[in-house]
Amino acid sequence: MGKFEVLDHPLIQHKLTIIRDKNCGTREFRQCVDEIAALMAYEVSREMPLEDVEVQTPMGVTTKKRLAGKKVVVVPILRAGLGMVEGILNLIPAAKVGHIGMYRDEETMQPHEYFVKMPSDLANREIFIVDPMLATGGSAIMAVDALKKRGAQSIKFVCLVAAPEGVEALRKAHPDIDIFAAALDERLDENGYIVPGLGDAGDRLFGTK
């Protein structure tokens, strides 16, 4: 069973509180999401494997550690997931970026896939799916389905705010993946939005209604 972890670092919690405020403007919201994503990437990448490498320093030769194994692919679920990409790339600049486009039917609340573009050879890559919200879990489940269908084997889901219903649904559908959140909120409302949440992350990132 994959793990579910809430990353309660003080800086993450502080910045998350800033963007929960309904009066937080687009610029500050976008900047804080970027910073939270970078801080989360630090924790999410903690178990990445290392290998020994010989280095010639100005003082001599030594054997030290560098990253080994699978290359990282960051996969934002469009469009809100785009707000988390740059922060992760700032920490892991060699990462590739794939995209999954989905929209939610406002009547049925079911997700629909409309766009998938990925780097090649997903089986040999570490995948970070990013989306600010894990609400019903529908989009996350479909995103993992799409990646597994294309050969992905090592997947982590990274979000800012999760609802218990979404975490349960994603873990039930894909018990092998790890889930990382900055917060686990109370519940979903009747419209499938997270309470207390932070509103529509896509609209707040991009200044739309």
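1. A residue counts as buried when its relative accessible area is under 20%. The model discussed here is predicted. By that cut-off Cys 32, with 5% relative accessibility, is buried. Cys 159 is buried as well, at 0% relative accessibility.

2. On the cysteines: no disulfides turn up in a search of the whole structure. A pair of cysteine sulfur atoms has to lie within 2.5 Å to be called a disulfide. For Cys 32, the closest cysteine sulfur belongs to Cys 24 and is 5.7 Å away, which is too far for a bond. For Cys 159, the closest cysteine sulfur is that of Cys 32, at 17 Å, again too far for a bond.

3. On the annotated site: an unreviewed UniProt entry carries the annotation "binding site" for Ile 194, Gly 199, Asp 200 and Ala 201. Ile 194, Gly 199, Asp 200 and Ala 201 are included in the lining of the largest pocket of the model. The annotation itself may be inferred rather than shown by experiment.

4. Ile 194 belongs to strand S13, which spans residues 194-195. Its relative accessibility is 8%, so Ile 194 counts as buried. Leaving aside residues up to four places away in sequence, Ile 194 is in contact with Met 133, Leu 134 and Ala 135, with Val 161, Ala 162 and Ala 163, and with Asp 185, Arg 187 and Leu 188.

5. Ala 201 sits in helix H6, residues 201-206. The value for Ala 201 is 4% relative accessibility, and therefore this residue is buried. With residues up to four places away in sequence again left out, Ala 201 touches Phe 29, Ala 80, Pro 132 and Met 133.

6. Which residues of helix H1 are buried? In this helix, residues 10-20, they are Ile 12, Lys 15, Leu 16 and Ile 19. These residues are on the same side of H1 because the arc they cover around the axis is only 105°. An α-helix has 3.6 residues a turn, so residues three or four places apart point the same way. Pro 10 and Thr 17, on the other side of H1, are exposed.

7. What covers the buried residues of H1? The covering elements include two helices, H2 (26-44) and H6. Strands S10 (154-162) and S11 (178-184) are also among them.

Note on methods:
Residues are numbered from 1 along each chain as its sequence is written. This is a predicted model: local features need pLDDT of at least 70, side-chain atom pairs count only at pLDDT 80 or more; totals for chains, interfaces and linings use all residues. Side-chain values use heavy atoms; hydrogens and water are left out. On a 1 Å grid over the protein atoms alone, a cavity is a set of points where a 1.4 Å probe fits but cannot get out, and a pocket is an open set with protein on both sides within 12 Å along at least five of seven lines; lining residues have an atom within 4 Å of a point. Helices (H or I, at least four residues) and strands (E, at least two) are DSSP runs, numbered from the N terminus. Buried means under 20% relative accessible area, exposed over 50%, partly exposed in between (1.4 Å probe, protein chains only). Contact means heavy atoms within 4.5 Å. The arc is that of the directions from the helix axis to the C-beta atoms.
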